[in-house]
Amino acid sequence: MSLNEIASLHPFFQLAPLVVFLPVLGLLINLLVGKRLGEKGIGAVASLATGGAFAVAVLLAVGLAQVSEGGTLTLANWINLGDLDVNWSFRIDTLSVLMMLVVSGVGTLIHIYSIGYMHSDVRHNEDPGRFRRFFVYLNLFIAFMMVLVSSDNFLMLFVGWEGVGLCSYLLIGFWFEKGADGIGNARAAKKAFVVNRIGDFGLLIALFLLFYNFGTLNFTEIFAQAPAVAAAAPGAIMAITLFMLLGVTGKSAQLPLYVWLPDAMAGPTPVSALIHAATMVTAGVYLVARSQALYFEVPAAQNAVMWVGALTALFAATIAVGQYDIKKVLAYSTISQLGFMVAAVGMGATVAGMFHLTTHAFFKALLFLGAGSVILGVEHGHAHAHAGEHGHDSFDPQDMREMGGLRKRMPLTFIVYLIGALALAGIAPLAGFFSKDEILAAANEKSIGVYVLLTAAAFLTAFYMGRQLLMVFFGKPRSGASEKAAESPLLVTLPLVILALLSVFGGALNLPGSHLLETWLEHSLAETAPGQFVLTVALISIGIALLGLLLAWLVYGRKPIFEKGQPDPLRRPLNGLFKALENKWWVDEFYHTVIVRPYQSIAKFSAGAVDQGVIDGVVNGMGSLVQSGAKAWRRYQNGYVRSYALTIVFGVVLVITYLVLR
Amino acid sequence: MNFGIHPLLLVTFFPLVGVLVILFLKTQQKKAIRWTALATSLVTFGISLWVLAQFQPGTAGMQLELRVPWLRLDGLAIDFYLGVDGLSILMVLLTALLTPIAILSTWSAVEDRVKGFMVFFLLLEVGMTGVFLALDLVLFYVFWEFTLIPMYFLIGIWGGERRIYAAVKFFLFTMAGSLLMLLAILVIGFQTGTFAWSDLLEKRELFAAAQTWLFLAFGLAFAIKVPMFPLHTWLPDAHVEAPTAGSVILAGVLLKMGAYGFLRFNLPLFPDATVRFAPYMAILAIIGILYGAAVSLAQKDMKKLVAYSSVSHLGFVVLGTFALTTQSVSGSVLQMVNHGLSTGALFLIVGMLYERRHTREMSAFGGVWKVLPIMGALMLVVTLSSMGLPGLNGFVGEFTILLGTFGSKVLGSPWFAGVATLGVILAAVYLLVMFEKVFLGPVKVEANLALKDLNVREIITLVPLLILIFWIGLYPQPFFNLINPSVENLVSMVSSALLAAH
Amino acid sequence: MPMSYFIGLSVVMFAMGILGVLLRRNPLVVFMSLELMFNSANLLFVAFSAYHQVLDGQLFVFFVMTTAAAEVAVGLALIVAIFKAKRTIDLDQMSSLKG
Amino acid sequence: MSLGLIFMYAALALVVVISGVGLITSRNAIYAALFLVLNFITVALLYIALGAPFIALAQVTVYAGSIMVLFLFVIMLLGAEQLPIAEPLRGQRVLGILLAVAFLAEMMLFVMLRGAPTIAGQAVSPEFSTPATIGMLLFERYLLPFEMTAGILLAATVGAVFMTRQPRPEHKSALPAVREEGQE
């Protein structure tokens, strides 16, 4: 539909392209004029751009409230080759607008937060010039995410998909000269990009399969033909959905390809909050939700998605228990929660999945930003405690073993962090409880195995969040830095408060009674399983959550560990198992030995032996062959007239023999 | 608005005017020589735009044809036959665009014998444009061989340490292939009595019997030039030893002559053989993609790495060509242009780094982005474009090629595209490794701290390429409109043979 | 007289000429054996001209003679020049022009 | 063919072979030259038998007369040194002989295979090759080759003269002044 047609549908819909162009505008302003605006100016422009996008999203939501089917707005014909006809068009429907709201909403809050955070982070890393570059990348990310979410066909979705992968590469490697021996951050960024690329490989193959089975890449046409093609070529849909699952595992850090997310914590904390908790990683969930019609055709694929999600949820939760870095714990917790969402969407409970996605965006962003404020405080404390010597001793501001007793030093951060943690753990009134409960209810009805896995994961979630709370905020400060830790400025804590409110009241979005979100999403999803409230499941989940917190208190609360060196109380009872948790089940090492090192040796072998040795060998060999041949013939040119005469006579004899024998 | 001279004739031979003027300048007048060369190549670019203006995108057949009887041996008619269509218009524009950029990049790079350098460079431009416009087999062969000579001297005289070895290797490789091609051309000539491309299309059945051998003869010459997997070892040596400008033109245009040759001669003239050999050529192309990517990872010298990446990228082009679907062939024609832009820019930046530190070893750099922010940013964009990131030109080409190859009836199975798509991952690996080794991480070497960022001239050389990289990435349709009709015509020509064959 | 007699004779003469050229190191003897080979050719010319009753054969002998004379003149001049330079005429001494 | 005639031809052939062998094996160049003269004369006799009297005479005068005299003259000039019998070039002698024998065998084989016919009429009419007819033919049909041989001879003489000239003292040149400074 062209601009004016859609305007007739609803005046607000024609604003849709602004969702992408506003962040791009912000990005260009900062890029070109940034130097003169100063830090506050840059922050303002960036936040305004994202805020503008949020406003447009709200307007679209209002528009959708009236015209609930939404519409598609075609901007330009991107590629038209033979029967490949792809347009750059915006799809305005309840699902995409929901994602826009979450992305731009949480995004704006994080933009405001990062003005304060980056102000000190940039000073800490002695490169004030980088402030501008951070906000350029952040706006680029919002723009690409909007392209992904608002696209009307799989190709534009793929453009956004890899675009956000690029932004996560740029932002993880923001401090590219920091990290393990100077190259750690850059390597983490490269790891993230390459692992994402492996996922994108799967999505690319799915795209090709889609094109050749459906003749188009457009959502509406594909979902319309889905039943027909499923009947005609069931294998095709199975292949498409499974390859798409490979893409999802890459982007949403599910089991086989999750390894990049923990390393992505190398990026500044607002990045972890925005990209690696709230928005980018949920792209996979959005993809499965969007192509739900395809998944319904192939139950086997749905099961695959469900099991991948459930297994990841439990697996990541176990690792989170053994981590010391405050952000690593949250990273594994994100992977685990994403496991919940993927399992939900896999079960067909798309609404529950999207609901958990939304609430998770709130409290996980809150937790990350809280962790950021804790890190700022501890760095601040460290600077004061060791004002004297300036040496960079091996102090790691993110290591929980350095912290302790921060609730007195940083009361506001503590309260907000507590709310976030309880919401994540799934304690009753908070948002986390409702969304997780809905997933557990759906799991309970769909397959007991998955339900057990998810409940175990929920228990472990409560446990490691309790552990983190106790280690960071309770007990005695374990290092000079944590003694002197100071509360972060208002600019940092304000967004925290807003997010805390959202975490508390987020549950209202889809309360068992009102099912607001469900009615909202009905318009764009094929068929949504009605989320019914099962009391028993709810009670069990609250019980599990409280049990987890209690156990954490028993282990970490009663006799808090004092000195820095003291081993983690869990080490003795679990020893071998705990060692495995600490080392992340050695998955990174496994991948390194099985994939990375063999590929490097193949590369060296093919560069050395095959290329230089064989091929060049043959080529140079021919060259030297000719030379040695020439050397051999030179001997005949020995200067003696008579030997030449001999050769001539030999020639004569040969000619005559030829004549005679002819 | 015709200056009385045929546009194609003008665009091909105008650089000779520059050569003439330069010959009269004294060797000491370096500045004058450089400006004359630049001016001539810019005017040639202007003329090529004028040719583009006269080119109607809609029609599939040859346009602006110029056919003048040239040689008449008894029974054999060799014409001076130029023409342009969808396949060659972009190549001519690319040549006309890259030459002034390459000349501009030699301002501070080439100091000795500037006169000789510029003369050879402009002669090279004549040869290249001629190759893309020639439609008479003999004329094509003449231009094909003619490009060898200036390139040989460019590498041989202004090259690095092992330049003689590299120049000779480059020359022999291409020469060996093209001799076979000459043989094939003669065979065709004698059997049909004409060398003109359009006439040969009608008389295809005359030499249809020897089609397999003719295909292989032409194919070998083009495979060496592309370069395809086993015949590629001349490329890294040629690139490492060539001066920056030489590398830009070598990667940007000379490699495309091979790929273009497949499209112009192998496919239309020997359709049955093409259909029969397509799977084997596709397999070779895929090996090239994966092998090139793997070997690039193990390289220590930046130019060698980019050279092997060219092997990998052109693997995609050849794969697209032999998949014989509209998407894949259009994609490969566009990918030829894309590769010229992104690899040309890569070589320019590597050349700028070489001018500053006089070494191409990646270990000599590290954390340079902190010291050279602008160069780092431009390098990042160019690396992403050659990696095939959506939104930039590389992706459009690669996606259409892979999409076309996936469902191509000639190759038969989707596995070809499946394995080739792995190349996309490997490309990301070695390019990011290069970017990391050179630009990221801490500044290890003291000398890197004193490096100066890009000056205005260097930025001007890169800007046109970047504009095109973004333009093709964001809105490729105008380029596809140019290519599409001719490609559809070519594919239908070949597929008619496919139907006949099955 | 049967032709095979003359052909046989000229072949023998020619073979002896070859031997002379190949085996002797004295350039003069080499030249003489060359003359011998010329002579065998002339013999055949005359024999066949008689056989075919065509005078042209004989005429050709004259041309052979003149070239032989010219060749000897130049050859001997060469030998004299070399003798002056190297004080020896042994063919094997003159081997500096080698590859 | 009468017995006497055969006997005469056999004798001539024998003389030719002996003189050839003599030429090859004689150590002293002069003996070789004399053997060659003998050879020329016997061949001249054969020419007469073949009905080519004028060529026979030419043979004797040109070959035996001028060329051999030239040889003898040069031999005298160079002192005809006796070169040692040793054969420095490895395999030269063996191969030489081998090739000569092979040549001989092949030609014999060739003649055998082709079965040379006998000369039609033995007696060739005396007017067959009188000097007049040869002269007429030479200047009619073969004028160009004749002129070319003249050219060859001229070139040969100039070459011979040039190669063997001695560096004679400078004759007086037209610019004495220049000459004097150049001299000191």
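Q: Which residues in helix 3 of chain B meet helix 4 of chain B?
A: This is a predicted model, to start with. In it, Ser88(B), Met91(B), Val92(B), Thr95(B), Thr99(B) and Ile103(B) from helix 3 of chain B meet residues of helix 4 of chain B. Their partners in helix 4 of chain B are Phe121(B), Glu125(B), Met128(B), Thr129(B), Phe132(B) and Leu133(B).

Q: And how do the residues of that contact divide by class?
A: The contact of helix 3 of chain B with helix 4 of chain B has seven nonpolar residues, four polar ones and one charged.

Q: At what angle do helix 3 and helix 4 of chain B pack?
A: At about 170°, and the axes of helix 3 (residues 86-105) and helix 4 (residues 114-133) of chain B are 9 Å apart. Because of that angle, helix 3 of chain B is roughly antiparallel to helix 4 of chain B.

Q: Staying in chain B, where does Ser309(B) lie?
A: You'll find Ser309(B) in helix 12 of chain B, which covers residues 302-323.

Q: Is Ser309(B) buried or exposed?
A: Ser309(B) counts as buried, because it has 27 C-beta neighbours inside 10 Å. The cut-off for buried is 20 or more.

Q: What does Ser309(B) touch?
A: Leaving out residues up to four places away in sequence, Ser309(B) touches Gly292(B), Ser296(B), Ser386(B) and Tyr430(B).

Q: How about Leu49(B), what separates its C-alpha atom from that of Ser309(B)?
A: A distance of 30 Å separates those C-alpha atoms, and along the chain Ser309(B) and Leu49(B) are 260 residues apart.

Q: Let's switch to the chains as a set. Which pair has the most contacts?
A: Chains C and D do, among the four pairs of chains that touch. Chain D puts 67 residues into their contact and chain C puts in 58 residues.

Q: Which element of chain D gives the largest share of that side?
A: Helix 3 of chain D does, with twelve residues on the side that touches chain C. By class, that side of chain D has 52 nonpolar residues, 14 polar ones and one charged.

Q: Where does chain B stand relative to chains C and D?
A: Chain B does not touch chain C, and their nearest C-alpha atoms are 25 Å apart. Chain B does not touch chain D either, with 34 Å between their nearest C-alpha atoms.

Q: How many residues of chain A are in contact with chain D?
A: Eleven residues of chain A contact eleven residues of chain D. The chain A side comprises eight nonpolar, two polar and one charged residues.

Q: What is chain D built from?
A: Chain D has seven helices and zero strands. Of its 184 residues, 21% are buried.

Q: Which domains does chain D have?
A: Chain D is divided into domain 1 (8-82) and domain 2 (126-162). The C-alpha centres of those two domains of chain D lie 23 Å apart.

Q: One last topic: which residues touch the most other members of the largest nonpolar core?
A: Ala343(A), Ala365(A) and Leu454(A) do, in a core of 433 residues. The largest share of this core, 19 residues, comes from helix 6 (residues 184-214) of chain A.

Note on methods
Residues numbered from 1 in each chain as written. Chains lettered and ligands numbered in written order. Predicted model: local features only at pLDDT ≥ 70, side-chain atom pairs only at ≥ 80, totals over all residues. Contact = placed C-beta atoms within 7 Å. Helix = DSSP H or I, 4+ residues; strand = E, 2+ residues; numbered from the N terminus. Nonpolar A, V, L, I, M, F, W, Y, C, P; charged D, E, K, R; others polar. Axes fitted to C-alpha atoms, helices over the stretch in contact; angles between N-to-C directions. Parallel < 35°, antiparallel > 145°, perpendicular 65-115°, else oblique. Domains from an automatic or database assignment. Buried ≥ 20, exposed ≤ 12 C-beta atoms within 10 Å, placed from the backbone. Core = buried A, V, L, I, M, F, W, Y, C linked by C-beta atoms within 7 Å.
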